[in-house]
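Take a moment to turn the model around before reading on. We will start with the whole fold and then move to single residues.

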Amino acid sequence: MKRYEGVPHAFAHYNHPQRGLAKSFDAGIIGLYVSLALAQRGHGRSITVLAEHLPGDTAVAYTSPWAGCNFSAISGTDANAIRWDKAGYKFLRELEATVGEKSFVKKTPSTEMWDDVVPHDKIKAMSEYLEDFEIIPADKLPQGVKFAVSFTTVTINAPKFMEYLYARLQNEYGVRFQRRKIDHISSAFSPSTKIVFNCTGNAARFLGGVEDAKCYPTRGQVVLVRAPRVKRNLMRHGLDYETYIIPRPGTKGHVILGGYMQKGNNDGSTYKSETQSILERTKGLSEDLRAEEPEILATVAGMRPSREGGARVEREQREVQGQQRALVHNYGAGGTGFQAGFGMALVSVQHVKDILATLGTARPTARL
């Protein structure tokens, strides 16, 4: 069993005038989003991402590639989560509309159901911007479901989407990536570094100089199947379980089936009993899965980088070699990094707008 202790997930640095705006460990989705938000403001060639793992790699501690993933109401109900989600939905819908299938993001019809606790305030906030949003009448709800909505979501092929961002950051914006592991936050600063963006995910609990005791892993297990009949995103939130069916764009009928939300569990093993439970639950939701037996392609487990009280997105000052430098924390998104992460990145960049305003930029000529 591989544990997440001491495995930094993503850093971002700003060095000026030398390269190094963004440094990132295990260039996960949060680190990639921060790099993109900075690069779009003309700072791409000042960014260095430091990463133990890069898009295309696999590791239990490198959580992002294992994600389903889609846009849903699974995220928090606080004001920050609502704001981050809205920005993320706008970004992903625009990406799907302008880049299309090359981004591995696809708009998809979705039905989301709740058996017990219904986050009405969160749903109301989302209804104001979700496309095709409708409340499903009570007489059409499946047995045991208290409330349900339908809308147009986006589904994402997580590993391919990360590879798309990875290539775009390098080729369009001139961002540099280095494979490197750091054990203490102070090591992330080079002499010319102006800003460090700490996007270390689960490793923030053990990273020297951060050691955030509020961080914990939330284990999930998913089953990747081939089920070409499945075209709709389905999610059912129970009191003590999550069940979801997420078709993967850019594949020949691949679908992610899940899942589990096991707080504090960092076991990277997979279990046949959990696979069977996932198959039973998802078949109960989807007529298309019942009509044709899905072909199991893989079963994987991953540890969502969660945090008590929600994600940490804030700036602090650190003294480095006698000088004050900016450190921006951006971690703890749990299972919502793909949908909320770009909104979190925008806030992270906003936290250092005073420093960025003093730095020259070279606007890229390439466009989205």
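Predicted model: local features only at pLDDT ≥ 70, side-chain atom pairs only at ≥ 80, totals over all residues.

The protein has eight helices and 15 strands. Along the principal axes, the C-alpha atoms fill a box of roughly 65 × 40 × 35 Å.

Now look inside. Of the 368 residues, 59% count as buried. Consider next the contacts between residues at least 6 apart in sequence: 77% of these join residues at least 24 apart. The accessible surface comes to about 15,600 Å², and carbon and sulfur atoms account for 48% of it. Charge is also present, with 48 positive and 38 negative side chains. The centres of these two sets lie 6 Å apart.

Next, find strand E15, which covers residues 323-331. Asn 330 belongs to this strand. Is Asn 330 buried or exposed? Its relative accessibility is 1%, so Asn 330 counts as buried, the cut-off being under 20%. Beyond its sequence neighbours up to four places away, Asn 330 touches several residues, including Ile 30, Asn 198, Arg 312 and Met 344.

Tyr 331 is found in strand E15 as well. Tyr 331 has 1% relative accessibility and therefore counts as buried. Which residues does Tyr 331 touch, leaving out those up to four places away in sequence? Among them are Thr 200, Val 210, Asp 212, Cys 215 and Arg 307. With Asp 212 there is a polar contact: the two side chains meet at 2.7 Å. Ser 306 lies 25 residues from Tyr 331 in sequence, and their C-alpha atoms are separated by 8.2 Å.

Finally, move to helix H2, residues 79-98, and pick out Arg 93. At 16% relative accessibility, Arg 93 is under the 20% cut-off, so Arg 93 counts as buried. Neighbours within four places aside, Arg 93 is in contact with Lys 107, Glu 131 and Val 154. What joins the side chains of Arg 93 and Glu 131? A polar contact of 2.3 Å does. For a sense of distance, look across to Leu 239. This residue is 146 places from Arg 93 along the chain, and the C-alpha atoms of the pair are separated by 30 Å.

How values were computed:
Residues numbered from 1 in each chain as written. Heavy atoms only, no water. Helix = DSSP H or I, 4+ residues; strand = E, 2+ residues; numbered from the N terminus. Buried < 20%, exposed > 50% of the residue type's maximum accessible area, 1.4 Å probe, protein only. Contact = heavy atoms within 4.5 Å. Areas by Shrake-Rupley, 256 points an atom, 1.4 Å probe, with all protein chains shown as cover. Lys, Arg positive; Asp, Glu negative; His and termini not counted. Charge placed at Lys NZ, Arg CZ, Asp CG, Glu CD. Polar contact = N/O pair within 3.5 Å; in protein donor to acceptor, adjacent residues only side chain to side chain.
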